[in-house]
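I opened my notebook to jot down what I looked up in this structure. Here it is, in the order I went.

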Amino acid sequence: MKITRRSAVSLSVPVLGGGVVLVGGPAALLAQERPTFRVKVDMVVHSFTITDAKGRYVNGLKHTDIRILEDGIQQKIATFAEGNKPPLQVLDDGSTRPILTPESQNPASGDQRSTDAFVGTNVFVLFDTSNYMYRGFVYASDAIADFVRGLDRADSVAVYTFSRNLTRAADLSKDRADAIAGLRKAVAGDDSALYNALLLTLRDAAKVPGRKVVIVFSNGPDNGSMVAPDDVRAVAEDEGIPIYVISTSEVSKDAISSGVFRRISGRTGGKAYFAKTWQKQVEAFESIREDLGNSYTVTYYPASNPNEGFRKIAVEIATDPGKKFRVRARPGYRPSRSF
Amino acid sequence: MKPRFLLVCFACLSAMAAVDLRQVQTLESKGAVAEARALLRSGATSGSPDDLAAYAEFLDRRRDPEARPAYDALLKALPASSPRRATTERRIKMLELAGRSGPSAPARQSEWPTVNIPGPLRSFNRMAALSPDLPPEDLFGALARNVVTNGYQAASSNEALEQTEYLKLVVRYLSQARELEKLAGPSGMIRIEQCESTQTADLLKVLGYRMRGGCGAEVVLETVNATRAFLTVDSGFPLSPLEQALRTNRPFELNYAPTKVPVLYGPEYWQSARDKGAAETSFVDFFLSDPALCRLYLGLSKLDPETADELKKGIPVARLKAFSHILDFFGGMFQIRGGKAIVPGAPRSIPGWTDLAGASPDNGVQFIEKLINRDDGWLASYFDSAARIHGREQEFLTDSARMKRYYTAIRGRITSPGPARPVFRANTDMLLLATRLRLEPSGVPHIPGNIDIWKNLFVNHPHGKYDGKLTKTAANWKEPDDLLEALFALSRKAVENEPLKIFMALSDLNRRRSKPLEPATVDRLAREYRSLGSQYSIFSEAPDLKDKTILAFLDSATAITKIGDQGVRADHAGMMQSLVGLWQIFCRQGLISPGDADATLDQILQGFSKPRTSRELFDAGRAGVTALFKATKTSDGADPQERMLDLLSGEAQITDADAHTQVVQDMIRIFEAQHLISLKTLWDLADNLEGAAKGGKINVPLVTKLSTRIQEIQPARIALSGAEKNAMAFGYWTEKHIDNQRKVNFRAVFEKLGNDPEKLRDARGLLAQFLRDTLVGYNYIHYAPPGAQILITNPLFVRSHDFIGAQGSVQTWKSTEVFGTGWPSSAGGRLVGSLANVPYALAEAEQNFLIPTREQALIWGDLVPQMIVSAKVPRFWQVTPSQLHYAALLQRLGESAVAFAAVDAQARPAVVEIISRQAPPARARRIETLLAASDVRSALDLLLPSEAYLLGARVLATDLVVPGPEAAEIKRLAAADPAKHNYVAISQAFGTPKPTLANSYRPTLMDLRTFPTLMGYSSRILAESWESSTLYYAALADELDVPPGQLNVNVPIWTQKTVEAIFATHLEDWPALLRSLRIVGDNLRTTARKSAGQRAAVQ
């Protein structure tokens, strides 16, 4: 995940962790008279899970156990968090302390969200209410409600539904009752534009600071999207948002959708589940909850790198010289362009 | 007091003010409204009546809620004997009635008898797909429409109709609601006292849920009966609050009393149509079971009350039911007044109508009965078309002899199926022909070219016979009537009416031209319509375009079509079309003067008169851009990329710098997302190659820069398997174009070239394909819809534009279409065809990324793309603050006229008469009734902003004097700058593009009634005839002191908000659009006034 803050400011404003880019672009007469300068501050947020040879989660690692490489260049970790524990700021001397955001240092800002934005996970549930889900609509609704109830207290959750269009049934909140009330208000729709809706959900998620995931609950068919699954996947990859998919369809029934689900989840650090029955759906949700509770999140400001295209991110575990552990994460990202 | 005196009084109040009103006017004309307000406010503190009046009138003109207290202050300051008192009191009264101040009017009560619908209305509306905003008296009408259009389908086994899933769910819901109603008992309240109770069990059983876990904090509701549970969730039963109550063991209460809903004429009237022996059921069940009855309900609900009453009295319901489809589609324009039918073109046309219907309009009921009984709706549809227009065109079409002739042609020998039988009205062509008919000053219809051209078209028919009989008769055509008769005759055919489309396209072209097209040009355009007709709207952008240039365009298009290699053809077509597209944009924005338009297009086309090598193609593209720059007075040293973006965003005033920068930056964002190559890079490299050919050196950093950019082009998404590709039967894949670009390695190429001058020059041919995409990209980004999710997300969207199309079809010059929606494995959607309709296609592709803010609402397909086009095509940089105020004042004058009609019964008929030129009889009559009851607010709710605007304009042209400051100010502005303040100038400033109705993207106002949905167009023409949004936004901007230039940013945003807030029940539900528009306006007003208040508090 990458947080990009853009703002039009004058050159006198101090630059925080990013480069200054002079806009040569809009050479309108007007713009020439009043040149605009843009400051881009990129912080990369990278979430991953580590499992051993038997597929068990590896917990308890410290930031010193982990090396992050971007295009082979080692990065200096800025913050480190495990599961839903509060993140730690990694200081220059290698020691850590609880994270302090500018807002938390300035209580007068009154922004309660920002002080705990990096604690817990922001979970966006995207529920397919199209005609394709008509039969399993209520059971799916029950399974999602159970999942929401079982989320860690530190997590926030939003519930979106879609058919041809997206509906924000419940905005991101820590209040489970809000989320479930939104879910229970869902209305069965018509066509399915899964990838359009997923893109819009990712755009919303990208605006939220901290760690976030999108969980798609759908049976796969899409007869209304204008964007390709892989373009949507690229957005998730760039923004560092893992996509989990719970498909209510059997793998063999819709090979194309199944393949796409595997690709978009795998490439973003998420997982795909094929759960036709209610029980399997509950199990899938349980697995996702476990994943969230056992993942690591690090942030860093990328070291100088001339590559403006796709940057590969590698996670190395110092305590695993034999490389027996398996790291599941997005493979990299494309830095956003400034103009 | 005579009305004329009132006007004088308002004018003199302004003239006598001590404040320097000229200074105020100067400030206003510059857009310095806040300063003008401050000056007047300061003057008003003097307490002088003149200054108080000037201030009050200013606020009144600006729709400021403070106008009312300002008038009160004026009233206090006026001596008891002052004649101004009466004027001021009347204005205050009008403001009160119009709802701009004073207490809210009580909610209207329907006079119709009611029936009970089980449960809350909200739940029923959800299940029946009805907008929650519907007034109760409209509910059964909307339900009837849904039953007619979505409730039944043909059974597979026989001819009977069976319920659709939609209707089955409504019926099931009613059953569940009745069970819940029983649980609620006589009190109408569902009550659960505690978790552990039989009430809980009974309720959950009906809802289809059960408790998992015992009562207490862990209890969870889970599905036990999926069918019931689906109804529970889908109808919006408050399941979460119930669950919460069970968890906390607190009482749960829900009002589940039945809802009383008015039924037009009462349920007994409709039940009298019940078949003998049919089982007794509730009204709702009976209603849902009879689609024909629903259609009659729908039809009668569109009639004005007096007409409907007469028909109801004169014709038994069972007989009316047989004509319900005709009443539904064409009854809305029927009128019976005092027992007589009002016919279009009366009194001159009365003998004609009598002859055609077989009854005199003097007996209204008999006339209408005959009209609808005549021929399955053909005569009624002609009546409807003629009634929708007015003026000379109506007189022409209702001339008795001509009417008979045209009607006979439309009717044909076999009348069934009539035009009201299909789901949409099938008289589209007739309605369009009648509406767009153009008469010469002599009263003769305008015929593009001459009659012989049309005669030949029908006789020799380049693409096969249009109609065997017409082919025979065409040889004898002598006059325009002969051609129109043939066009009417073709209007009844279900197949595409190509001659009519040609006729309308060429008529529209001539309408805008300073000199009509030469016959030879008309002949060529008519014959090539099938292959090139989609391009003709381009020629409407410049009124002085020479015939020679139009023919050159056709020649170039034909030459390109003949290119065998698809890739080369696509490059030629893409380059030429994108340059012409830019020419269109610059002409429309006034950046190319009308005098330069023809020469510029001619220069562009010269490069495409024959197939070119890739080097020549690049040069042709560059020459085209140079011609565009020259015509737009671009200085020689300007950076081509930056200049192009400047031009695309439009020429802004210095005061609009921020808005302009925002528009440009949005464009750059998309340009970057598409990884297009800037003109500067392309030009620099081409120049460098030329320099190298003359002995210079290759600019390695420049080549590296370009190569890096090319490397950013991602491979095309090709998740489709070979078999799937073959299944789609595509002969040409845009991936080839993308792959070719990715393969270009400039460094390697240049190394191989060595110092061979000719090879170095030829190498710039490699840039042609990139230039094509850059130029196509400029067209895309100019029209990019708000949000532009596709253009931001799919980096290959521009490059994927398919100028070739599917195998077997030549799409190169066809209208732009969206292709590839909803394939999970595809490369996403793309646009196919020419660039002629790119604005609409982009909007169509983007529409479903808008997010409805209303629960259950969906984006209104067909209407929304046109709304987006209307927001994106016009630019407002050249609109002056005075024009903004002028347009707003005319709307306000229209609204004041409505208020005046409530306080002055003598003025009412004239006002209603003007309104009825736009509003159908039922709505005009409803407004009249409301005004008689002094319910101005409700009357204004029924008036569209475009109607208010036209009402204001027409009131000015009559003797009617409406008290208030608007008329005097409108006249003052018109006198001060007549060129800016007139109908045509405002039409250009705040009109909307009408590619279907007017064959042009040039914004205009057309003074039309709002169209219904039509066969072949769905809501698209309705959307094009909707001119209210931009006018409303203009008035809003004027009210909120938003500078006109800022509209370039705000109108797309406001449109997005409006679209997202629409909750429409059906495809003609424009009142839902109006409601949404007003919701957005009210929210913006609230926000603006809140921030103004905060600013004032800080100061």
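I started with helix H47 (residues 881–903) of chain B and helix H48 (residues 908–915) of chain B, which pack at an angle of about 140° with their axes 8 Å apart. Helices here are DSSP runs (H or I, at least four residues), numbered from the N terminus. Axes are lines fitted to C-alpha atoms over the stretch in contact, and angles run from 0 to 180 degrees between N-to-C directions. That angle makes H47(B) oblique to H48(B), oblique being what is left after under 35 degrees (roughly parallel), over 145 (roughly antiparallel) and 65 to 115 (roughly perpendicular).

I then looked up who touches whom: H47(B) brings Ala897(B), Val898(B) and Ala901(B), and H48(B) brings Arg908(B), Val911(B) and Val912(B). Contact means C-beta atoms, placed from the backbone, within 7 Å.

A note on the source: this is a predicted model, where local features need pLDDT of at least 70, side-chain atom pairs count only at pLDDT 80 or more, and totals for chains, interfaces and linings use all residues. Residues are numbered from 1 along each chain as its sequence is written, and chains are lettered from A and ligands numbered from 1 in the order in which they are written.

Next I checked the domains of chain B: domain 1 (114–262), domain 2 (292–548) and domain 3 (549–849), with bounds from an automatic or database domain assignment. I found the C-alpha centres of domain 2 of chain B and domain 3 of chain B 42 Å apart. Their contact takes 18 residues from domain 2 of chain B and 20 residues from domain 3 of chain B.

Definitions and conventions. Two residues are in contact if their C-beta atoms, placed from the backbone, lie within 7 Å. Helices (H or I, at least four residues) and strands (E, at least two) are DSSP runs, numbered from the N terminus.
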